[in-house]
Structure formats: C-alpha cells, structure tokens
Amino acid sequence: MTAEWTKRLAVLAALFLLSSCYIPDKFRAELRLSRYGDFAISYKGDLLWAPILDDYRKGKVDPKDEAERIENIRKDLVRDIAFRKIESRGRGRFAVEYERAGRLGNVQLTALIRRDARMLALRSLENGAVIVAANGIKPSDAQILAELGLTMEGEFRITTDANVVENNATEVRQFGTNRVYVWKIDNPLSPMPHLVMLRDPDPLRPLPPRPSEQK
C-alpha cells in the first residue's frame with residue numbers, strides 16, 4: 001500500500017509543477033491538521049511570480065509596462081480571499097500573509113493558493129488517506145533562480161494528532177498529543193514537503209457517504 005501512495009505522490013508532484021506559477025521565499029508556513037480532516041493553514045513571507053522573473057532574466061520587461069504587469073499579478077492574488085496582506089516589493093515579489101481553515105470532505109482537493117496556482121495541496125482520498133504535497137522545482141528552473149539571486153528559503157510545519165504513515169520531514173517533534181513535522185527549505189532543490197496520514201471517522205460529525213457507498 002505504501003508503494004501505491006508513493007506512486008500517487010509522484011503523479012501529484014508532476015501536476016503541481018505544471019500548475020503553479022508562484023514561488024515561495026523568506027517564509028514561515030504552518031498547517032494544522034486534525035485526525036478528522038479539519039485543517040488551518042497559514043503562510044507569511046514572500047511570493048514571486050515565476051513568468052515575470054524569467055522575463056526579467058531575459059530582458060523582456062518593458063519599463064513602460066512593468067507597473068501594469070505587477071498590478072495584474074496583485075489582482076490575481078486578490079482573487080483568493082484568504083490573503084490578509086498583499087504588498088508589492090517590486091520585480092514580481094510580494095510580501096503576503098495568508099490564512100485559511102476548513103474541513104476536508106471524503107474526496108476533496110484544496111490548495112495553497114488556488115487549485116490553478118497551487119504551491120501546496122491537501123487531497124483526501126476515498127480510502128481514508130489524506131495526502132499533503134508541495135510542488136518541487138526542476139534543476140533547470142533552480143539554476144534560473146540562482147542566476148536571479150533567489151534562494152527560496154523558508155520553514156514549513158505540519159502539526160497533527162493523526163496517524164501519519166509517510167513523511168519526509170527534516171525533523172519531527174512531540175508536542176503534547178500532537179507531532180510537529182518540520183521542513184527546513186534552504187534552496188530550490190531542498191526536498192519539498194510530503195506527508196500521508198490515515199483519517200479517523202469523526203463520531204460527532206460524520207461525513208456524507210463516500211462515492212463508492214452511494215447507490
């Protein structure tokens with residue numbers, strides 16, 4: 001079964017690489033995830049818009065259009081109401097604060113930022129597994145970031161009381177009845193967070209029947 005989860009994670013990672021255009025930097029982020037599937041995610045740090053970074057590198061950013069292009073990026077971020085702060089720092093870099101909470105359904109995908117621009121995804125599966133996976137950076141893209149002087153540094157934590165069956169955390173700490181999984185991101189080639197937990201049924205708040213159980 002572990003091999004099946006690993007295969008799923010590999011497929012998800014490939015999808016994330018294609019779908020996300022935002023790069024995190026200088027950040028601290030945390031996901032609080034209960035064994036029943038309740039979650040609260042927070043992010044404080046910088047976000048960079050990858051396409052404009054590549055255009056800066058290639059000298060394709062016209063000074064006459066630069067302000068408009070940066071404003072369009074800000075408008076794209078504003079579409080997600082979970083942002084509490086969005087402040088441009090120029091050249092496609094934004095200082096942001098993000099907070100979002102909810103409860104995963106039986107089969108659901110939710111993401112930071114959005115599904116069409118996600119850096120991190122939470123996916124609940126019908127078999128009771130919940131997968132947390134961040135998108136990675138290809139070596140060729142990491143080289144471009146290095147040429148631009150971008151380090152992609154930060155720390156991500158998952159605090160949970162769930163039965164975790166797979167993770168690649170840098171460090172795991174016990175905190176009361178919870179475990180805290182910590183990822184130290186030093187550069188674009190650092191291992192990106194992934195974690196797999198098995199969800200417990202909530203006796204006080206039962207979820208609707210799973211698709212396979214519906215007639």
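**A walk through the predicted chain**

The chain folds into four helices and twelve strands, where helices (H or I, at least four residues) and strands (E, at least two) are DSSP runs numbered from the N terminus. This is a predicted model, in which local features need pLDDT of at least 70 and side-chain atom pairs count only at pLDDT 80 or more, while totals for chains, interfaces and linings use all residues. Residues are numbered from 1 along each chain as its sequence is written, and side-chain values use heavy atoms, with hydrogens and water left out.

Of the 215 residues, 45% are buried, that is, under 20% relative accessible area with a 1.4 Å probe, protein chains only (exposed is over 50%, partly exposed in between). Among contacts (heavy atoms within 4.5 Å) with a separation of 6 or more, 62% join residues 24 or more positions apart.

Seven strands make it up in the order S3-S4-S2-S1-S8-S11-S10, with mixed pairing; two strands pair if DSSP finds at least two bridges between them. Strands S3 (83-90) and S10 (171-175) are at the edges with a single partner strand each, so one side of each has no neighbour in the sheet. From one strand to the next, the twist averages 15°. Within this sheet, S1 (residues 22-33) and S8 (residues 154-160) are parallel partners over seven bridges, and Arg32 has Thr159 of S8 as its bridge partner.

Helix H2 packs on the sheet, where it touches S1 and S2 (38-49), and its direction makes about 15° with that of S2. Angles run from 0 to 180 degrees between N-to-C directions, and axes are lines fitted to C-alpha atoms, for helices over the stretch in contact.

H2 (residues 50-58) also packs with H3 (residues 63-78), at an angle of about 160° and with the axes 11 Å apart. H2 is therefore roughly antiparallel to H3, a term for angles over 145 degrees. Ile52, Asp55 and Tyr56 of H2 meet Glu66, Arg69, Ile70 and Ile73 of H3.

S6 pairs in the antiparallel sense with S5 (residues 108-112) over five bridges, and Gln108 has Ser124 as its bridge partner in S6. S6 also pairs in the antiparallel sense with S7 (residues 129-134), over five bridges. Here Leu122 stands opposite Val132 of S7. Four residues lie between the strands in the S6 and S7 hairpin, where Gly128 takes a positive phi near 95°.

How values were computed. Angles under 35 degrees count as roughly parallel, over 145 as roughly antiparallel, 65 to 115 as roughly perpendicular and the rest as oblique.
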